Amino acid sequence: MTKATLFDYYRSSASYRVRIALNLKGIAYESVSVDLAGGAQKEAEYRARNPQGFVPMLEIDGQRITQSLSIIDYLEATCPEPPLLPPEPADAAHVRSLALTITCDIHPLNNLRVLKYLSGPLGQDEGVRDEWYRHWVLEGFTALEAMAAPRAGRFLFGDRPGIADICLVPQMYNARRFNVPLDDLPLLVRVDSEAAGIDAFAAAHPDEVAPALGAG
C-alpha cells in the first residue's frame with residue numbers, strides 16, 4: 001500500500017486539490033499542517049524540504065513532489081484508476097485547459113501571499129483587496145463557464161469528475177468566502193454542487209480537515 005505524507009494547509013486551494021485527488025484515488029495519507037497564516041512556510045526546516053516554501057508538498061514513493069498539478073499528474077501516472085483525464089488526446093487537452101485556466105490564470109492572482117502584499121507593502125485596505133479578488137475570479141470564471149459549456153455533462157467534461165473539477169471546487173469555496181457573485185455562472189455552481197455529493201470531495205473540504213490539521 002502506498003504511503004504518503006501531505007504537507008498541507010486547510011484553506012490552501014492547491015492543497016485542497018491534492019486532497020481531493022488522493023481521496024478519489026483511494027490513497028491514504030498523513031497530513032502535516034504548514035500554517036501559512038502564521039508563516040510556518042518560511043521557516044528553515046520547511047524550506048529545507050521545499051525551497052519555494054509553498055504547499056502542498058507530497059512525500060510519496062521516496063519522492064518529494066511540489067506544485068499541485070505535478071502531484072496530481074504523478075498520482076494519475078502511478079495510480080491510473082479512476083482516471084482523472086479522458087483517454088482521447090483532444091479531450092484531455094481540453095480538460096487540461098479548463099484546469100489551467102483556474103490554476104494559472106485565476107488562482108495565482110488571489111493567493112494568500114498576493115493578498116498579503118496588497119494589504120501590506122502596497123497599503124491597500126480590505127475593501128480594495130477584496131475587490132481585486134472578486135474582479136479576477138469573476139473574469140476567469142466567466143471565461144471558464146463559456147469554455148466548459150459546450151462539452152460539459154454532469155461535470156465540467158462528461159459525467160464523471162476529473163482534474164478540471166478538482167481545480168474548480170476549491171476555487172468556488174474561496175469565491176464564496178470573498179462574496180464573488182455567482183448568479184451568472186450556473187454551470188460552475190451546478191458542477192460544484194454535484195461534486196459536493198461525492199465523498200472524496202466532501203472529505204477534502206476545509207471544514208472537514210481543519211480539526212485534523214490543527215487549524216482554526
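Predicted model: local features only at pLDDT ≥ 70, side-chain atom pairs only at ≥ 80, totals over all residues.
## Nonpolar cores

The largest nonpolar core comprises 52 residues, and within this core Phe141, Leu156 and Leu168 have the most contacts. Helix H7, which spans residues 163-177, gives the most to this core, contributing nine residues. Apart from this core there is a second, separate one of eleven residues, among them Tyr9, Leu36, Tyr46 and Val55.

When neighbours within four places in sequence are left aside, Phe141 is in contact with Ile106, Leu168, Gln171, Met172, Ala175, Leu182, Leu185 and Leu188.

## Helix H4

Helix H4 covers residues 89-106, and its 18 residues reach 25 Å from the first C-alpha to the last, which is close to the 26 Å expected at 1.5 Å a residue.

The buried residues of H4 are Asp91, Ala92, His94, Val95, Leu98, Ala99, Thr101, Ile102, Thr103 and Ile106. Their cover includes helix H1 (13-25), helix H3 (68-78), helix H6 (126-148) and H7. Ile106, buried in H4, is also one of the residues in contact with Phe141.

## The largest pocket

The largest pocket holds about 940 Å³ of space. It is lined by 37 residues, of which Leu36, His107, Asn111, Leu112 and Arg113 are the closest to its centre. Leu36 is also included in the second core.

Two or more lining residues come from each of H1, H3, H4, helix H5 (112-119) and H7, and H5 gives the most to the lining of the largest pocket, with four residues.

Terms used: Residues numbered from 1 in each chain as written. Heavy atoms only, no water. Core = buried A, V, L, I, M, F, W, Y, C linked by side-chain atoms within 4.5 Å. Buried < 20%, exposed > 50% of the residue type's maximum accessible area, 1.4 Å probe, protein only. Contact = heavy atoms within 4.5 Å. Expected span 1.5 Å × (residues − 1). 1 Å grid on protein atoms, 1.4 Å probe; cavity = no way out; pocket = protein on both sides within 12 Å on 5 of 7 lines; lining within 4 Å. Points joined across faces, edges and corners; volume = space filled by probe spheres on them.
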